[in-house]
Amino acid sequence: MKRALSLAVRRETRLVVAGTSLIAGTYGLVRLAYGLFLPDIRVSLEMSSAMAGYVASGASVAYAAGAVFGLAAATQARRLVVGALLTASVGAVGMALSPSLAIFTPWAVVSSMGAGLASPGLVAVVQRNVPPEREARAQARVNAGTGPGLVAAGVLALVLLPDWRLGFVVSAVLTAAAGIAVLVLDRPAVDAETTAGPAVRRTWDWVAGLWLPALAALLLGAASVVVWTYGRNQVIDEGASGSAATVAWIALGLGGTLTVVTARRMSALRPEPAWLLTNAAVAGSVAALGLGSGHLAVAVFACAVFGWAFVAASSVLIAWTSHLEPDEVAPGTALLFITLMLGQAVGSAAAGPVVDRHGLTTVFLLAAAVAVGSALCGRRREA
């Protein structure tokens, strides 16, 4: 009996590692690596700043579409994982092999859908493979994969750039391997893929109760996307070498990873003050990148703070949903994350033309102002 239990725990541990790696791949190595490799991509494909923003906007819409599909197909966990590894890895290879901007753009959009499919698929996989007493911790570890993925992408950039094409090929291989490992380690129950889930409420009254966090998520998405898309570009434009700018990106990933350390203290706060704190940090770090990227120490510190603040704010959205609509946490969280990505889509589309006309510093300062507006959403308290 003890041996069987030990083997089960080992399989759970391996599954969590594989799931974390799939999140790291679909988010950090593929979706968000676009911004990391962007300076070299722009040189290779003669891409304007405006076009870079439009591509990022399309990628955010694709992510949101993947998340919507994942919510609708919540009982099809294995198919979602397959879809995630295929769209992310094939999309990354497509980007790597693209001879022109016209071919690169649709592959960049498709690759981002993998992240939207991976999250709901892995939630269901973990839920059915890990006992309830260990599930919450397992889910948290899997969802924290973005930070390590950003760090891994930064290391790849240090080793491979300016060869961004090889970087995407390596990212595709690692992401596919992680997805296959999840599928091998998953032990679905009989008919688990076809069994209907819990009955869905026929009313959508709960949506109205989430209007404030939805607005906050929209603003955070619009404010944060300038860092994901133009962050490394800004550091380079202010005089840093490509390698130094990559170090700043790695700091961003390390900041996101540190949310695991601060999770207990942040969870002790009510959602509103926690949102105010994290978004104030987003605003400050974005402004610092706009004004102080000429100093590498400032850029590295600002990226680390931004990485922590953004990932922590994402966790606050889950807590906020649980506080306002405790019976609708899963669909409510999905709604807020979709809204966050739509905010990124709007922000990307708006930022590109402003960069071409007024420069990156102006865009970063405008984004910081939007983040202040997002932070102020946390000032509202229930009566």
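Predicted model: local features only at pLDDT ≥ 70, side-chain atom pairs only at ≥ 80, totals over all residues.
Start with the rings. There are 10 aromatic pairs in the model. One of them joins Tyr27 and Tyr63: the ring centres lie 5.8 Å apart and the planes stand at 70°, so the pair is edge-to-face. The cut-off for that label is an angle over 60 degrees. Tyr27 belongs to helix 1 (residues 2-31) and Tyr63 to helix 3, so this pair ties together parts that are 36 residues apart in sequence. Are these two residues buried or exposed? Tyr27 has a relative accessibility of 11% and counts as buried. Tyr63 has 4% and also counts as buried. The cut-off for buried is under 20%.

A second pair is made by Phe104 and Trp164. Its centre-to-centre distance is 5.8 Å, and the planes are 90° apart, an edge-to-face arrangement. Phe104 sits in helix 5 (residues 101-129), whereas Trp164 sits in helix 8, so the contact ties together parts that are 60 residues apart in sequence. Phe104 is buried, at 0% relative accessibility. Trp164 is buried too, with a relative accessible area of 1%. Phe104 and Trp164 also take part in a cluster.

What does Gly179 touch, leaving aside residues up to four places away in sequence? The partners are Leu22, Val81 and Leu85. Asn279 is another matter. Gly179 and Asn279 are 100 residues apart along the chain, and their C-alpha atoms are separated by 33 Å.

Now turn to the backbone. Most residues other than glycine have a negative phi, and most peptide bonds are trans. Two places in this model depart from those patterns. The first topic is a peptide bond. Leu161 and Pro162 are joined by a cis peptide bond, with omega at about 15°. Pro162 is located in the loop between helix 7 (146-160) and helix 8 (164-185).

The other topic is a phi angle. Glu46 has a positive phi, near 55°, although this residue is not a glycine. Where is Glu46 found? Glu46 is in the loop between helix 2 (33-45) and helix 3 (49-72). Its relative accessible area is 72%, so Glu46 is exposed. The cut-off for exposed is over 50%.

Finish with a helix pair. Helix 12 covers residues 259-267, and helix 14 covers residues 296-324. Their axes come within 11 Å and cross at roughly 50°. Helix 12 is therefore oblique to helix 14. The crossing of helix 12 past helix 14 is right-handed. Which residues meet there? Helix 12 contributes Thr259, Thr262 and Met266. Helix 14 contributes Trp308, Val311 and Ala312. By type, the contact has 4 nonpolar residues, 2 polar and no charged.

Technical notes
Residues numbered from 1 in each chain as written. Heavy atoms only, no water. Axes fitted to C-alpha atoms, helices over the stretch in contact; angles between N-to-C directions. Helix = DSSP H or I, 4+ residues; strand = E, 2+ residues; numbered from the N terminus. Parallel < 35°, antiparallel > 145°, perpendicular 65-115°, else oblique. Left-handed = near helix turned anticlockwise from the far one by under 90°. Contact = heavy atoms within 4.5 Å. Nonpolar A, V, L, I, M, F, W, Y, C, P; charged D, E, K, R; others polar. Buried < 20%, exposed > 50% of the residue type's maximum accessible area, 1.4 Å probe, protein only. Phe/Tyr/Trp six-rings, centres within 6.5 Å; stacked < 30°, edge-to-face > 60°.
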